[in-house]
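Hi there,

Here is the structure I promised to pass on.

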Amino acid sequence: MNNLKDFSSSDCLLELKTDKPTIYFVTPTYFRHVQQAELTRLLHTLVLAGNIHWILVEDSDQRSQLVTELLNKSSHQFKLKSTHLYTPTPISFKTSSSDPSWLKPKGVWQRNEALRWLREQAYSLDLSGTLYFGDDDNTYDLELFDEIRRTRRVSVFPVGLVGGQLVERPLVDKGKVWGFNAKFKPNRKYPIDMAGFAVSLKLLHEKGHKARFDPLVPRGHQETHFLEQLIRGRDELEPMADSCRKILVWHTRTQLPKLNRENLQRT
Ligand code: UGA
Ligand code: MN
């Protein structure tokens, strides 16, 4: 009896959500002691958002048990669609514990692996869907997902707590982006964080054979370099989130836990 009840309620939930276009939510992830906590929190957000296809790409040369079990649970318990990929960052590009966090780009190979998969699967994807690069440690308001789903080509929105500012945002007048408030490298063509834009799958497929991230571009230029392969100028950007006045995503970063009383084998 209980099983029957569970089945019909989750089925109904699924039905309510499938009329929304799919968001292909790409998350690079790597082993550290907070990983399971980060992914659990993100998983719950994605379940609540509805009609998400989570592309989780491990920075590793194999699928880990931790991520495999988390995705199995998310599929059985929450009916979340997901794809589990992996590819390692070459050792010379890995941020080591003595490096400042900004020295080397993160998630580059993993996002490219997700792009490869999206191109390969193009025939079976929801082409009215949207691609979003969502890191495992950010904080996402559920309203963000409604904004992402409105993307026609490339949408942009503010990101809180990033670039040394309370908020980095596109500046909007009469529905058009005319500038950005970013203080960090403001001369970049698109001075925004990875969490501050979304791309329609249709546009990605039109330009899809080329658009990639490049580990060799100058620091902070990943987003600009990627967007330059998709659009010609700022006037093509679609400002979301109440003309970029609302903050719906925060670039939160998790403090490293002190584990000095543990006898750890793997760090
Ligand atoms: C900032 C941006 O918000 C990121 O989108 C960008 O990738 C990053 O800078 C960069 O340096 O390239 P930050 O908080 O410094 O973010 O980066 P992390 O959150 O540590 O890493 C971004 C994503 O890559 C996360 O999902 C993380 O799990 C993953 N990652 C990080 C790996 O897959 N491997 C690593 O070795 C480190
Ligand atoms: Mn982060």
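**Helix H2 and what follows**

In H2, the buried residues are Gln35, Glu38, Leu39, Leu42, Leu43, Thr45, Leu46, Val47 and Ala49. "Buried" here means under 20% relative accessible area, with exposed being over 50% and partly exposed in between (1.4 Å probe, protein chains only). Helices (H or I, at least four residues) and strands (E, at least two) are DSSP runs, numbered from the N terminus. H2 covers residues 35-49, and its 15 residues should span 21 Å at 1.5 Å a residue; the end C-alpha atoms are 21 Å apart, so the two agree. That expected span is 1.5 Å times one less than the number of residues in the helix. After H2 comes glycine 50, with a positive phi near 80 degrees.

Before you read further, please note that this is a predicted model, in which local features need pLDDT of at least 70 and side-chain atom pairs count only at pLDDT 80 or more, while totals for chains, interfaces and linings use all residues. Residues are numbered from 1 along each chain as its sequence is written, chains are lettered from A and ligands numbered from 1 in the order in which they are written, and side-chain values use heavy atoms, with hydrogens and water left out.

**The chain as a whole**

The protein chain has eight helices and 13 strands. Its C-alpha trace spans about 60 × 50 × 35 Å along the principal axes. For 267 residues, a compact globule would have a radius of gyration near 18 Å, and the chain agrees with that at 19 Å. The radius is taken over C-alpha atoms, and the globule rule is 2.2 Å times the number of residues to the power 0.38. Of the 267 residues, 47% count as buried.

Among contacts (heavy atoms within 4.5 Å) with a separation of 6 or more, 76% are between residues 24 or more positions apart. The accessible surface comes to about 14500 Å², and carbon and sulfur atoms hold 53% of it; areas come from the Shrake-Rupley method with a 1.4 Å probe, and for residues only the protein chains shown count as cover.

Phenylalanine 25 sits in strand S1 (residues 23-29) and is buried, with a relative accessible area of 0%. Leaving out residues up to four places away in sequence, phenylalanine 25 touches residues including Leu42, Leu46, Ile55, Tyr132 and Phe145.

Isoleucine 55 belongs to strand S2 (residues 52-58), and its relative accessible area is also 0%. Beyond residues up to four places away in sequence, the contacts of isoleucine 55 include Phe25, Thr83, Leu85 and Trp117.

Which residues does glutamate 113 touch, not counting those up to four places away in sequence? They are Val57, Leu85, Tyr86 and Thr87. Glutamate 113 is in helix H4 (residues 108-120) and is buried, with a relative accessible area of 15%.

**Two places to look at for phi**

Most residues other than glycine have a negative phi. Leucine 161, in strand S7 (residues 159-162), has a positive phi near 60 degrees and is partly exposed, at 43% relative accessible area. Aspartate 242, in helix H8 (residues 241-244), has a positive phi near 55 degrees and is partly exposed, at 45%.

Best wishes
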